[in-house]
Structure formats: C-alpha cells, structure tokens
Amino acid sequence: MITASDKGAAGEREDLSGPAVSEMLTKQGYQVEHRVLLPDDEELLYREMVRLADEEAVDVIFTTGGTGLSKRDRTPEATLRAAHRNVPGIAEAIRVHSLSITPRAMLSRGVSVMRGQTLIINLPGSPKAVRECLEYILPSLEHGILIMKGLDGECGKTEKLC
C-alpha cells in the first residue's frame, strides 16, 4: 500500500486513504503487509513498487493518490515504468464505476499493471473514492490473483496485499 502525497509525506495533512484501503482489505480477510506514505515523486514511487514486487513478493500493490492532472501527479508514470504487463481492465472498471458516481472520474489517469506476479493498482486519493473503487473491484480481484499465481480453481484469502 503506497500513498502518494506531498503534503502527507511532509506531515502537513493526515493520510486517510491509506488507512481506508487497509481497513477494507483487512475486513475482507486479506493481509496488509506494508503501508508507506511517499511524496509525489515518480522515482521514489517507482523504486518502492519495484522493491515491494521484487523483494517482498506481495501479490497486489495498491497506490492511492497522484492520479490526477496536476504537474506533481506522477503515480501512473511510475506504475507504467514498473510494469511488465498491462492489465487495463481493472483501471477501466474503476473509471466506469466511478463515472456512475461523479463525472469527474473521467479526469483520473490511474492504471493497473503486472510486475512479475504482482498486480499494481492505482486508486484515487480520496478515502470516499478509495472505498467506492475497492468495493467494486474486490469481488473479482481474488480470482485474478489466483490466475496470476497459477492457482486457478483454488480458494482462500492467503494473498499478501500491499
């Protein structure tokens, strides 16, 4: 779980989206391995994604924040740099669902990719939007993780999510 926020990393704003993700995942029976708050710095975000995927071998890295149109919003660029394979359907589903709630969802640049056997999914920065998006994608996510891991047909929430 990576939150991208200049103000959060500087201690000027409390991060509420990261805890929202952790709370939802834990309630669904997933294990949250790591939570980090970084500034909106493409290189730092990229390095942390690579570290979590390659060294920690987490199944999913959720990011929050940094997906908008401001000059500092670089989470999608960091995610694409870390990618081995694109998984556009997740980000597309998030946008379609979000558009049913607010037309501003069209401004999201979030992406979803794979690095090795780790999914990386960009979520919005607001706690409300994070909850709405996770609520929508979580029912299908377990199946995708099992397929990615070559465990299609097996059940159980043993995934390590980050």
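Predicted model: local features only at pLDDT ≥ 70, side-chain atom pairs only at ≥ 80, totals over all residues.
Glu 48 counts as buried, at 14% relative accessibility, where buried means under 20% relative accessible area, exposed over 50% and partly exposed in between, with a 1.4 Å probe and protein chains only. Its partner Arg 51 counts as partly exposed at 24%, and the two side chains meet in a salt bridge of 2.9 Å, N to O. Both residues lie in helix H3, three residues apart, about one turn of the helix; helices here are DSSP runs of H or I of at least four residues, strands are E runs of at least two, and both are numbered from the N terminus.

Residues are numbered from 1 along each chain as its sequence is written, and side-chain values use heavy atoms, with hydrogens and water left out.

With a salt bridge taken as a side-chain nitrogen of Lys or Arg within 4 Å of a carboxyl oxygen of Asp or Glu, the count comes to twelve. One of them joins Arg 81 to Glu 43 at 2.9 Å, N to O. Arg 81 lies in helix H4 (residues 75-82) and Glu 43 in helix H3 (residues 42-54), so this pair ties together parts that are 38 residues apart in sequence. Arg 81 is partly exposed at 39%, and Glu 43 is partly exposed at 31%. Both belong to a network of salt bridges that also links Glu 42, Arg 47 and Arg 74.
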